[in-house]
2 protein chains.
Amino acid sequence: MPKRGMEPIRRAQLIEATFFCIHKYGFAGTTIKRVAEKAGTSVGLVLHYFGSKDGLLEATMRSLLKKLGTNLQSDDISDDDPKAQITAIINSNFAEDQVSPEAITVWLAFWGQALHTPKLSRLQKINLARLRSNLRYWLSQLLPKEDARFAADGLAALIDGLWLRGAFEETGIQRRHARDICLDYLNRALK
Amino acid sequence: MPKRGMEPIRRAQLIEATFFCIHKYGFAGTTIKRVAEKAGTSVGLVLHYFGSKDGLLEATMRSLLKKLGTNLQSDDISDDDPKAQITAIINSNFAEDQVSPEAITVWLAFWGQALHTPKLSRLQKINLARLRSNLRYWLSQLLPKEDARFAADGLAALIDGLWLRGAFEETGIQRRHARDICLDYLNRALK
DNA sequence: CCTAATGTTGAGCGTTCATTCAATGATATA
DNA sequence: TATATCATTGAATGAACGCTCAACATTAGG
């Protein structure tokens with residue numbers, strides 16, 4: 001029962017199915033066949049829309065990074081309260097819909113794979129730099145430049161490390177605990 | 001030219017070759033054939049000694065974790081100086097031979113794969129818990145119990161996060177910088 | 001020297017993978 | 001209603017995978 005205008009719908013379905021498969025089977029175990037089955041379509045259709053498996057994976061990573069970067073923009077905090085801005089960044093990184101076991105697993109899978117796939121590597125580097133430079137910007141309003149850089153590097157690593165360890169906690173990330181650790185780091189850095 | 005007593009030598013060679021392949025090709029791209037070629041042996045021999053690809057990978061992860069956990073024991077610091085003990089833990093995690101791009105890449109690859117391989121998952125959890133409990137033990141000599149747990153969780157995440165980000169720096173981890181961030185965290189936690 | 005144990009290989013098996021391709025179904029437009 | 005375009009499928013292909021197995025080479029002990 002094919003209808004016109006299916007392209008965006010199919011693309012979204014297939015990306016969603018790819019998330020599911022990476023979460024369930026890992027990067028190595030994610031095959032086009034499995035993705036197609038999960039999405040309820042044929043193998044041929046996947047390649048019709050994404051050209052190749054690499055194309056599908058790249059689109060999926062783009063979608064993931066977009067998701068992970070979206071939360072922040074919805075908040076509107078006054079620009080003259082840097083600490084509130086940083087707090088918002090921390091909160092957004094541990095918002096409920098960001099730290100699902102599925103999100104963490106897939107995020108980690110891409111992290112590992114990006115080391116061996118130039119296109120994914122570029123996306124990953126952009127994302128890494130973004131968090132750090134955002135933190136640097138707001139911290140530099142509160143601290144001398146060098147201290148701001150130092151604290152931003154630490155805070156960025158701390159956030160990622162909490163994510164990383166969260167991948168192995170059955171319950172997913174302990175959101176409040178993770179948030180408290182980051183806020184504590186921030187408060188101590190500002191003293 | 002086969003000789004007796006080759007088993008331990010071959011095992012070591014093959015594990016070494018597996019490191020190389022995981023670093024170069026990633027987890028998904030590491031095949032028995034590539035490992036055998038790198039080690040200069042035949043495909044059959046790999047399976048002769050490790051039974052299966054999974055067996056080889058498990059042995060390789062065991063070897064990696066052993067490497068990463070070795071440094072500490074060589075240091076001997078008096079037990080009545082907890083801060084020195086913690087400093088030694090931090091230093092050992094960023095010791096030169098621990099933070100080679102190869103080590104970080106392989107470590108990260110296993111981290112991602114362990115989520116989908118029960119045997120690797122068990123190894124991984126043991127390792128995660130070890131760092132944290134070591135930190136807890138020494139911190140609890142300097143801080144109230146709850147504060148010690150809090151700081152240990154933060155410091156463990158910070159260390160792992162610095163490793164994680166180091167995977168994407170062309171130069172590998174900036175050892176001194178990473179160390180300074182951790183020591184700074186420690187000092188502030190003890191105030 | 002013979003034999004048993006160890007070390008090693010390469011061919012071959014069945015499976016699964018990503019990808020190509022020709023063909024068909026459905027819809028909008030003219 | 002005709003036609004071009006979009007949506008979709010399933011079969012076919014060739015390569016690569018992990019793994020089995022029979023056979024051979026080398027060595028140590030009796």
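Predicted model: local features only at pLDDT ≥ 70, side-chain atom pairs only at ≥ 80, totals over all residues.
**View 1. Chain A as a whole, with nine helices and zero strands.** Helices (H or I, at least four residues) and strands (E, at least two) are DSSP runs, numbered from the N terminus. Read from that end, the elements of chain A run α-α-α-α-α-α-α-α-α, and the C-alpha atoms fill a box of roughly 60 × 35 × 30 Å, taken along the principal axes. Of the 191 residues in chain A, 50% are buried, where buried means under 20% relative accessible area, exposed means over 50%, and partly exposed lies in between (1.4 Å probe, protein chains only). Contact means heavy atoms within 4.5 Å, and among the contacts in chain A with a separation of 6 or more, 67% join residues 24 or more positions apart.

**View 2. The relation between chain A and chain B.** A rotation of 180 degrees, with 0.0 Å of shift along its axis, superposes chain A on chain B with an RMSD of 0.0 Å, and that is the relation of a two-fold axis. In chain A, the C-alpha nearest the axis belongs to A:Gly161, at 1.8 Å from it. The same surface serves both copies, in that 100% of the contact residues of chain A recur in chain B. The copies are superposed by least squares on the C-alpha atoms of residues with pLDDT of at least 70 in both.

View 3. B:Ile90 is buried, with a relative accessible area of 0%. Leaving aside neighbours within four places in sequence, B:Ile90 is in contact with B:Leu155, B:Arg179, B:Cys182, B:Leu183 and B:Leu186. B:Asp76, which is 14 residues from B:Ile90 in sequence, is 14 Å from it in space, C-alpha to C-alpha.

**View 4. The packing of helices H1 and H3 of chain B.** Two packed helices are described by the angle between their axes and the distance between the axes. Axes are lines fitted to C-alpha atoms, for helices over the stretch in contact, and angles run from 0 to 180 degrees between N-to-C directions. H1 (residues 7-25) and H3 (residues 43-50) of chain B pack at an angle of about 110 degrees, with their axes 10 Å apart, and H1(B) and H3(B) are therefore roughly perpendicular to each other. Angles under 35 degrees count as roughly parallel, over 145 as roughly antiparallel, 65 to 115 as roughly perpendicular and the rest as oblique. The contact is made by B:Glu7, B:Arg10, B:Arg11, B:Leu14 and B:Ile15 of H1(B), together with B:Leu45, B:Val46, B:Tyr49 and B:Phe50 of H3(B).

**View 5. B:Thr41 in the loop between helices H2 and H3 of chain B.** B:Thr41 is buried, with a relative accessible area of 17%. Not counting residues up to four places away in sequence, B:Thr41 touches B:Arg10, B:Leu14 and B:Ala36.

**View 6. Helix H6 of chain B with H7 and with H8.** H6 (residues 101-114) and H7 (residues 118-139) of chain B pack at an angle of about 120 degrees, with their axes 8 Å apart, and H6(B) and H7(B) are therefore oblique to each other. This contact is made by B:Phe110, B:Trp111, B:Gln113 and B:Ala114 of H6(B) and by B:Leu120, B:Ser121, B:Gln124 and B:Leu128 of H7(B). The axes of H6(B) and helix H8 (residues 145-166) of chain B come within 9 Å and cross at roughly 110 degrees, and H6(B) and H8(B) are therefore roughly perpendicular to each other.

Notes:
Residues numbered from 1 in each chain as written. Chains lettered and ligands numbered in written order. Heavy atoms only, no water.
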